[in-house]
Amino acid sequence: MTKGITIALTKGRIEQATIDLLEQAGFDMTFMADKGRHLIFDSPDGAIRLLLVKAPDVTIYVRHGVAEVGVVGKDVLIEHPTGYLEMLDLNFGLCKFAVASTADYAPSDHKRKRIATKYPTVAKNHFAQKGEDVEIISIQGSVEIAPVIGLADAIVDIVETGSTLVANGLEIYEDICRISARIIVNKAALKNNPAVLPFIQTLEGLVGDREVAFK
């Protein structure tokens, strides 16, 4: 590569899966073995710089060109849909958006529902597509208690195993959409940095075009 690539990367589970994928792609990722409290990491050969950031900030770094490439969950992209190009589904970090509530929830009645969520865009779009007028209640913390204490009729949230829902007396009523980690790129960088497109094509060859189900 004649020029390195800066990648904004979501901390946590997606972070490790991405590092594993980059190793499969032939990059020496040993420089990530002892991260400590650092947030910026440069590979010894200058091919890659990694920025470890919170998920919602990945799109901001890519949008402003600080990072040419970002790796983040589709849930973030739905809530922040502009300023980048979505290039590749990595088929890891699998989970889903779902509607959940208590056992006495009646989704088919004609009552105007109150829906608690950390993802107002997802919730609003889902119920709008069904022709349902709902009140969206935005919550930043744990939403599972909202139906239990009567703040909301149901919640829209990310579900991985469903164990948290069960522990709080909730069950899934609807699956909304599958979520997985995605590659996004800065629009200008795709044209101006000759390393970006071959990098994405290399990862695409490893991931393939298989659709991994999440149930």
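I began with a cut-off: a residue counts as buried when its relative accessible area is under 20%. I kept in mind that this is a predicted model.

**Entry 1: cysteines**

I looked up Cys95 first. Its relative accessibility is 6%, so cysteine 95 counts as buried. I then checked cysteine 177. That residue has 27% relative accessibility, so it counts as partly exposed.

Next I asked how many disulfides there are. The count is 0. Cysteine 95 is in no disulfide, and the nearest cysteine sulfur to it belongs to cysteine 177, 9.2 Å away.

**Entry 2: largest pocket**

I moved on to the largest pocket. I noted about 230 Å³ of space in it. It is lined by 16 residues, and Arg13, Ile14, Asp75, Gly93 and Cys95 are the closest to its centre.

By class, I found 8 nonpolar, 4 polar and 4 charged residues in the lining.

**Entry 3: second largest pocket**

I noted about 190 Å³ of space in the second largest pocket. Its lining includes Ala55, Pro56, Asp75, Val76 and Glu79. Helix H2 (55–63) and H3 each give two or more residues to this lining. H3 gives the most, with 3 residues. By class, I found 5 nonpolar, 1 polar and 2 charged residues.

Technical notes. Residues are numbered from 1 along each chain as its sequence is written. This is a predicted model: local features need pLDDT of at least 70, side-chain atom pairs count only at pLDDT 80 or more; totals for chains, interfaces and linings use all residues. Side-chain values use heavy atoms; hydrogens and water are left out. A disulfide is a pair of cysteine sulfur atoms within 2.5 Å. Buried means under 20% relative accessible area, exposed over 50%, partly exposed in between (1.4 Å probe, protein chains only). On a 1 Å grid over the protein atoms alone, a cavity is a set of points where a 1.4 Å probe fits but cannot get out, and a pocket is an open set with protein on both sides within 12 Å along at least five of seven lines; lining residues have an atom within 4 Å of a point. Grid points are joined across faces, edges and corners, and a volume is the space filled by probe spheres set on the points. Ala, Val, Leu, Ile, Met, Phe, Trp, Tyr, Cys and Pro count as nonpolar, Asp, Glu, Lys and Arg as charged, and the others, Gly among them, as polar. Helices (H or I, at least four residues) and strands (E, at least two) are DSSP runs, numbered from the N terminus.
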